[in-house]
Amino acid sequence: MKWGMVIDLEKCTGCQACSVACGMENNRLPGEHWQDVLFYTEGEYPSAQLKWFPRPCMHCENPSCMHVCPTGATYKTEDGAVLINWDKCIGCKYCMIACPYGVRFYTDEKPLVEPNVKTVFKSDGEHSWSPPWRMPATREDWKRGVGVQPNDVVSKCTFCYHRISKAPKGVADLDPNDPNLRDYTPACVVTCAPGARYFGDLDNPESEVSKLIAKKRGVRLLDHLGNKPQVYYLAGEAGAVPSSRANNKS
Amino acid sequence: MSMPLPEQQAQMSIPLLLKTLLADGESPSMTRVLKISVGVLVISLAIVFFALLTQGHAAFNTNSYGITWGLPISTYVFLVLTSTGLTFIASLSMLFGFEEFYPVAKRCVWLAVVTLVAGFTVLALELGHPFRMLWAVPLGMQYVSPMFWMGVFYTLYLVLLLAKFWRINAGDWDSPLSRALGIASFVSVVIAHSTLGLLFGMMAMRPMWYDAMLPVYFLITAALSGAAFTVAFTYLSYDIDRKKMAPALREMAFGRALPNVFATLIGITILAAVSRTITGLWSNLDGLQVYAHLVRSPLFQAEFWLGLVLPFFLMLSPTLQRQRKMQVTAAVLVMVSLFIGRLEFLVVGQMLPVFKGSWIPGFIEYTPSFTEWMLVVVAVALTFLLYAAGDKLFRLDEYPGPKGEEMAPQGAGAR
């Protein structure tokens, strides 16, 4: 069993609904984008292009963030998700250095927007802030980095582990169009209006995700680094996966 | 072998300790240093604690959009590598037989303890959960993490260094135990600083750091840092006046061995800096474009020309290299240059945004916050405070006499 995601770049419209759904589902602060759609430009007028690129955590097969963690707070589950145990995280931020995809966030930072949401919805002493909307307390799971995190730890996308871990055993795909599986599917996949996201078992050759990767030649981001992401992109004719990490290539 | 401590140290009560610390004694300047550093430490610590208790680590200008490790971490790297270098300088005489360096050996060992403690202090204040670290790291046993090994070996090094200082402070320079402690602390710090080098050097996703030889680069620059601290702090203890020095130390200060070692280390550091920079500028690899930005920075130019090239020529010139003012100038310039160098290494290595799209179109800018600077002040004040206290409590100018003879006054019965 190895959960993985496929994102079809030909279908993605860059609407950011996934980022919003993720923020609502996981109670993220403004700027703390576990899931983001990155916008960038290429070329110059009159041949300039606006491009975008959806970027969740890659939940790598060979995660460098996990290997550098001095306490074992970052770990890999048997079903292939990379999670953080907030009770073990010492806030050294080495994982943020070691992640090639920039998907990790430290809790204690200057606010990105004013007013500071953390001072408006003050901490209850346990959590770093008290969002007015919040997932049920029974779903919160600090050992898996699910919920509103405490202060001074690192957080990141969990593949909505509170959802996928409850999925029926042996299921090949979590199809948001199937009413029986919808509640177990990651929020970004459920909300994606053009249906650009697919979620399923990469170990199962019969799964939709495995078939899509094979048929449409799925590629992984910065594959040369050897982290082996479990998020695949279908580039098609819409363009390619960014070959470098930054906009500034000069 | 058990050694009685010098009487006044063994029986020191708190009032006596304070009296000893505040007495002018042989070096009134050290009393001044002690008083000023206590004041500065109290104020800077108060500011840091106030910021951390009210704002938490949001008081730092580091963030998830790029510069994750900032000034406090570079200060930590600077201090622990200085400690490493000081152990190298102390080992010249104690392990490798360069006896002309004996007069500074004890001072170097103490200063190595001091800089290491200051470095750990800064790191603890930077970490999100320093107390959790105390159990989570040993229990986690993450043997694939370079940070785990850095913790193991720097802790081991601190213990061995303290044990070594305890022996030489008791006048025991050359017993089997003392020698074993010297060898063990040297080996542990070579491994510790290598793990620190690999902590950066193994990061293939950060091309500016990715370098298997980074431990060697750290070794050279650590040795240089240690040499600069040795010169600066030794002169500080004698009010930059050689007449106050013991004969052997004066001979060393007047001699050519010290400036020659210093010049050699600066020279190798210049070579390493140039080779790193040229490689960075020449290569097209994504991630190394930061070097073009780096060489345009005035700070880099100052660090290179004023902080390395100028002291290199000062220490190379037969007429200038033995002048005390030139030696002190060179040492201070090198210390500042290496401090800037550590910050640059750390920040420039993170400057290129990692999949941040139009959130950050260019390079990531970083200016340390007031709280971060205050952490540096804490480290500097702590270094001066502990050094001055050591200078007063222990005879840091002690060294073993010629072979076969007993030690200087307090070392009676050493062998």
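Over which residues of chain B does pLDDT stay under 50? In this predicted model, pLDDT, the predictor's confidence in each residue on a scale from 0 to 100, stays under 50 over residues 404–415 of chain B. For these residues the model has 29 contacts beyond four places in sequence, a contact being heavy atoms within 4.5 Å. Where pLDDT is low, the predicted coordinates should not be read in detail. Chain B as a whole averages a pLDDT of 90, and 93% of its residues score at least 70.

In chain A, strand β2 (residues 36–42) pairs with strand β3 (residues 49–55) in the antiparallel sense over seven bridges. Strands are DSSP runs of E with at least two residues, numbered from the N terminus, and two of them pair if DSSP finds at least two bridges between them. A:F39 stands opposite A:W52 in β3(A). The two strands form a hairpin with six residues between them, and A:G43 in the turn has a positive phi of about 75°.

The whole structure holds zero disulfides over all chains, a disulfide being a pair of cysteine sulfur atoms within 2.5 Å.

Residues are numbered from 1 along each chain as its sequence is written, and chains are lettered from A and ligands numbered from 1 in the order in which they are written. Local features need pLDDT of at least 70, side-chain atom pairs count only at pLDDT 80 or more, and totals for chains, interfaces and linings use all residues, while side-chain values use heavy atoms, with hydrogens and water left out.

Methods: Helices (H or I, at least four residues) and strands (E, at least two) are DSSP runs, numbered from the N terminus.
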